[in-house]
Amino acid sequence: MNLTHSTMRGSVKIVAVGNLDLIARGRPAEFRHRGLTLATRPTAMAALLEVGRDPDSIVLVPTNLNDMPLTEFVDILHSLAHVPVIAGIVPGCSAQAVSELFDHGISSTVALPTSPGRLADAVRASRTPEQTEELVIEVGNLTLDDARHRVTWFEKEVTLAPKNFEILRFMLVAHPRVIPLQELMKHVGDNPQNRAVRARVAIGRLRAAFSDAEPRHDTPIETVHRIGYRLRL
Amino acid sequence: MRTLGGTIDGAIRPERPLASGTNGERRPAPLTFLVLLWLSLVVAFGVLVTLIVTIIIDGQGQFTGRLLSEYPASSPDRAGARPAILGSAWVIATTAIMTIPLGIAAAVHLEEFADKRNWFNRMIELNVQNLAAVPSIVYGLLALAFLSLLGVRDKNIVIGGALALSLLILPVIIIATREALRAVPTEIREGSLALGATQWQTTWRQTLPSAVPGIATGSILALSRALGEAAPLLVLGALVFVSFDPSGILSGYTTLPIQIFNWTGRPQEGFHQLAAATSVLLLGVLVLMNGLAIYIRNRFQKRW
Amino acid sequence: MIDRAGEKIESIVPHEGPGVRINARPADGFLPDEPRGILQCENVDVYYGSFRAVTGVDLKFGLHEITALIGPSGCGKSTLLRSLNRMNDLVDGARVEGRVLFDGEDIYGSKVDAIEVRRRIGMVFQKPNPFPKSIYDNIAYGPRVTGMRVDSMDDLVEEALTKAALWGEVKDKLKQSAYSLSGGQQQRLCIARTIAVKPDVILMDEPCSALDPIATVRIEDLMHELRREYTIVIVTHNMQQAARVADRTAFFTAFADEGTGDRTGVLVEFGKTTQIFEHPTDQRTEDYISGRFG
Ligand SMILES: Nc1ncnc2c1ncn2[C@@H]1O[C@H](COP(=O)(O)OP(=O)(O)OP(=O)(O)O)[C@@H](O)[C@H]1O
Ligand SMILES: [Mg+2]
């Protein structure tokens, strides 16, 4: 989670499409110092071949790619090569085009031409959670995987909105203690209004999510009348 | 690292593809049913077309101004249907004036004011439904008895015929009006009442205006049914040979269906042609009335 | 007819009299422990024929307060609400026992005119139900049918639409059909229409359930505004909405009658909204508000 450039081991290969001058600002050695090996290819096709040869690389695509529609290329990279794609934003590129790229699954962006530091940040941002520190809480039949934002109960996946997920994590950490409503109220977001009802409603949503996932078991959230709630696992 | 491609790997594969190749409508049972439906349509339509074409061919020689302007005569070359046309107009107009307000009033009472859980109201409702299915000649007999009771000697008067036809179509109008009122959403009534309007104001200002298209359509269709009736009028002794224009509700009259009935019974071929031409005329009027009803329905229909 | 109704007006409370409006809540935020009831249920039972839908309700709706009625589906919230302005009179076989007092007078009293009750206690429905007329006529309808003395109908229409936060959006198309408005606008039109007859109490039955979140927020803001002048009772299924708008909340639930097997609604708990959501005294309330009722 807290990777800095000094802790980055080995070297990451970046396959960039286009002319080195237009892409990088700085000498190759400076990039290597950050753990990045830059390989530029003149066309999208050539870059694709390079990725085929080295499937662990990351692709940097400038938004003014001209030998192929940009989004199509991104899709091809994802579906054929399964590599993360960083979009290199060229001055004059519209915000809408960028958001469209994110819809097509790019992992991060960087302004072109890029400095070694900027590119290293973009590479870090494109790392998937698998490479980060993992937090999995498991109590009884309930598992909460923080990094993947997943909750399973009796092996069934429980679908939760982010806020409710936070509350469940808090309750799991506190397990088996009873959590008074007042304490729960602190975890329902920043808005100071109507915290009580939002906490109660969140509990209701959690219960609904649990019984949707596994109707045969009673939901694990227990009301402790006039005090609060507790997980019974 | 590979999660970016994961969504594509995990794409939903439907268990049965849309292009399954088995068209549910092409199996034998639905297909037979479809063919039967088509056949019945063809039969019904065929009969209708044959009928219309035959009478048009029969009557084509008689489509002249004389048909509209002349009185019946002993020779087909001089006869026309003028009194019948005027008689039909008089009778239908009188019927409309007598029935429509009464029918609407009855329907409004039943639908908006009467307590539907009361046994008496429920019985009336049931009877109205049944009356709509009674053969028209029965209404002729009823009107005959009623006029006799009043001591009316000459029962072949416009008002007498209108009475019989009114009895005939009153249930139809009541039912049509109730349907139209029922189609007005309760929310509209409740909205009006919740503002402090009375039941009467609500009916008069909200429900009825919204129901007017439905009521108009139903009434026109009912009147066109009355226009084609001959049986109840014959029971009342309608004259088959009238050589004067009806001049009021107490005047004697004949109507188009009766005139047709009369001419068809004559031996001369010329009268048969006249009857056919008059039938076409009557048919045309009916088509026009139905067209008007459809127009009103489509033009003013409320979509809630 | 209207004149006779007019006599009965006098027999309830002087309508425009300052007596009713002057006693507004001193300031937002201050809420007395006991509501100063303008509308009050005393041991109310509501029947549909022989089916008892609601029983034994004792409830006070405070002047210039918003009271929310919450509870599971079928517990009789709408039924109770509709008996507060005699809308249930329109349902054949519906009957109320007990007393519903409006400013001390039983609205089911033998001399009371239901028409006048409904004018003083207006209602907004779940589904927006504008009349098939122009926007202007929708607002003017109430004052016209109730025979209100109006100096300028145009001013009245503008005032009502302004109060309902709709004037800006419709002022250039008052002659257009109300059906040309969006759902949220239609609902505000219905509120404006209710305001136009100057009622004292406005009953709202799930007024936002057919609306999107943005329209919902607008109606909620509107209710906060209206509270200065009106007493509001709202039925809602949305607990957050109850918490956002209501000063007090009443929780209802249904229990199965042992004899008949009917599911009859009862009032479980009534109090300040914060109290109901933070420290409910009844286990059933707590279970319901945190989703243990299916
Ligand atoms: N017009 C009616 N005739 C007979 N029974 C009715 C009528 N309206 C409602 N009921 C019954 O009365 C009971 C309460 O209904 P009501 O509509 O008041 O519930 P509610 O609390 O408003 O429910 P919801 O939250 O779903 O709107 C239900 O059992 C219902 O079936
Ligand atoms: Mg309801």
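## A tour of where chain C meets chain A

Start by selecting R200(A) and E286(C): they form a salt bridge, with their closest N and O atoms 3.1 Å apart (a side-chain nitrogen of Lys or Arg within 4 Å of a carboxyl oxygen of Asp or Glu). The rule finds one salt bridge across this interface of chain C and chain A.

Before moving on, note that this is a predicted model, in which local features need pLDDT of at least 70 and side-chain atom pairs count only at pLDDT 80 or more. Residues are numbered from 1 along each chain, and chains are lettered from A in the order in which they are written.

Next, in chain C, select α10 (239–245), α11 (273–278) and α12 (283–289); each supplies at least two residues of the side that touches chain A (helices here are DSSP runs of H or I, at least four residues).

Now widen the selection to the whole contact (heavy atoms within 4.5 Å): 17 residues come from chain C and 18 residues from chain A. Together the two chains bury about 1400 Å², meaning the accessible area (1.4 Å probe) lost on being put together, summed over both. In chain C, Q240(C), E286(C) and S290(C) lose the most area to chain A.

For the last stop, pick F277(C). Leaving aside neighbours within four places in sequence, F277(C) is in contact with residues of both chains, including L181(A), V197(A), R200(A), I70(C) and M239(C).

Terms used:
Heavy atoms only, no water.
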